[in-house]
Amino acid sequence: MPPADAVGFGVIGARSMVATRAVMPAIDASERARLVAVSSLGGPVPEPWTHLGAGLYEDVIDHPDVEVVYIPLPNGMHLEWVERAVAAGKHVLCEKPIALSAAETRRMTAAAEAAGVFLAEAWMTPFDARWRAAMSMATAGDLGDVIDIDASFTFTIGPEANDNYRWSAEQGGGALLDVGIYCLGPIVELWGTEPDVVEATALWHSTGVDARTEATLEWSDGRQGRIRCSFVDAEEQRIEIIGTAASLVLANDAHTGGARADTIVVAAGDGTVDRVHVTPTDPYLGMVDAFAAAIRGDTAWPRPMSASADLLTLLERIAQASR
């Protein structure tokens, strides 16, 4: 059982895949958090959380033991429910992308600050041990000067899933908005969010969202980053970081981490290849623990809302370039 001072979490949209497969199990596993109320309007609350069913989303927000509201709803619903939760005095951890635009992100941030509560985007990748180790190697100079970054996150949403909100422009669908944060993550971590040149192409779905977006980001000193996001290509998660002295590759759940994320392949300039082992971690548990620690004032949350707004600004540049 979690300790008495564990942070009480409520979930609205408890049938979402990320909630049931990752975040709610992470809250259950955490020693710093406890799940106290959940709600699902799309069907019954799944096992083993049926006993925590609280009715409507408003009932979760108003629950006296809920300190944090976790929001995994479709992207187009984030703004409304973030604002409703913070207005009720609750801290909020909201799934990525936290908003449909940088302007919405700034509006959410202002609302949270006015209410005196904490708001953060639930992007779990930086809490994965292997991803963090790879970024540390790059920033420490182990690869020399990093000059090229290539990242892809592709998978297939088949025709049987036409009702998936990711195909809806009104709900903030599209491959770039859905998984762009993952592909841009290492680029932004190492180089920031303001490339000098952005070039992009997209494959457009009949609903008006991008089924695939590919982009190249260039800096005036020659650094280059490339991303590929797709709902219509074979599943792949891959990051390659190339430096003047060596390069590294992350495969096998490069962005989502977990049990298979245990190896960094490093190729030196002389052709030798080393496989660096990293003990896998659950990035969702790391994220939940870090958020709970921030709520209790034990440690600072590592990614401010300004960083979320800056990344969405870059996503908007890429989307505009693709059009």
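**Pockets and helix packing**

Mentor: The largest pocket is lined by 37 residues, and those nearest its centre are Ser16, Met17, Val18, Arg166 and Tyr284. Keep in mind that this is a predicted model.

Trainee: What volume does the largest pocket have?

Mentor: The volume of the largest pocket is about 1,200 Å³.

Trainee: Which element gives the largest share of the lining of the largest pocket?

Mentor: Helix 1, with six residues. Helix 1, strand 6 (146-156), helix 6 and strand 10 (232-243) each supply at least two residues of that lining.

Trainee: And how many nonpolar, polar and charged residues does the lining of the largest pocket have?

Mentor: There are 19 nonpolar, nine polar and nine charged residues in the lining of the largest pocket.

Trainee: Let's move to helix 1. At what angle do helix 1 and helix 7 pack?

Mentor: Helix 1 (residues 17-29) and helix 7 (residues 283-295) pack at about 55°, and their axes are 8 Å apart. That angle makes helix 1 oblique to helix 7. The crossing of helix 1 past helix 7 is right-handed.

Trainee: Which residues of helix 1 and helix 7 meet?

Mentor: From helix 1, Val18, Ala22, Val23, Ala26, Ile27 and Ala29; from helix 7, Tyr284, Leu285, Met287 and Val288. By class, the contact of helix 1 with helix 7 has 10 nonpolar residues, no polar and no charged. Val18 and Tyr284 are also among the residues nearest the centre of the largest pocket.

Trainee: Next pair. How far apart are the axes of helix 5 and helix 6?

Mentor: The axes of helix 5 (residues 129-139) and helix 6 (residues 175-191) are 11 Å apart, and the two helices pack at an angle of about 35°. Helix 5 and helix 6 make a right-handed crossing.

Trainee: Which residues do helix 5 and helix 6 bring together?

Mentor: Trp131, Arg132, Met135, Ala138 and Thr139 of helix 5 meet Gly185, Pro186, Glu189 and Leu190 of helix 6. The contact of helix 5 with helix 6 divides into five nonpolar, two polar and two charged residues.

Trainee: What about helix 6 and helix 8, how do their axes cross?

Mentor: The axes of helix 6 and helix 8 cross at roughly 115° and come within 10 Å. Helix 6 and helix 8 are therefore roughly perpendicular to each other. Their crossing is right-handed.

Trainee: Who makes the contact there?

Mentor: On helix 6, Leu176, Leu177, Gly180, Ile181, Leu184 and Val188; on helix 8, Leu311, Leu312, Leu314, Leu315, Ile318 and Ala319. The contact of helix 6 with helix 8 has 11 nonpolar residues, one polar and no charged.

Trainee: Which residues line the largest cavity?

Mentor: Pro97, Glu121, Ile181, Arg303, Ser308, Leu311, Leu312 and Leu315 line the largest cavity. Among these, Ile181, Leu311, Leu312 and Leu315 also take part in the contact of helix 6 with helix 8.

Trainee: Which helix supplies the largest share of the lining of the largest cavity, and what are the classes?

Mentor: Helix 8 (residues 305-322) supplies the largest share, four residues. By class, the lining of the largest cavity has five nonpolar, one polar and two charged residues.

Note on methods:
Residues are numbered from 1 along each chain as its sequence is written. This is a predicted model: local features need pLDDT of at least 70, side-chain atom pairs count only at pLDDT 80 or more; totals for chains, interfaces and linings use all residues. Side-chain values use heavy atoms; hydrogens and water are left out. Axes are lines fitted to C-alpha atoms, for helices over the stretch in contact, and angles run from 0 to 180 degrees between N-to-C directions. Angles under 35 degrees count as roughly parallel, over 145 as roughly antiparallel, 65 to 115 as roughly perpendicular and the rest as oblique. A crossing is left-handed if the near helix is turned anticlockwise from the far one by less than a right angle, and right-handed if clockwise. Contact means heavy atoms within 4.5 Å. Ala, Val, Leu, Ile, Met, Phe, Trp, Tyr, Cys and Pro count as nonpolar, Asp, Glu, Lys and Arg as charged, and the others, Gly among them, as polar. On a 1 Å grid over the protein atoms alone, a cavity is a set of points where a 1.4 Å probe fits but cannot get out, and a pocket is an open set with protein on both sides within 12 Å along at least five of seven lines; lining residues have an atom within 4 Å of a point. Grid points are joined across faces, edges and corners, and a volume is the space filled by probe spheres set on the points.
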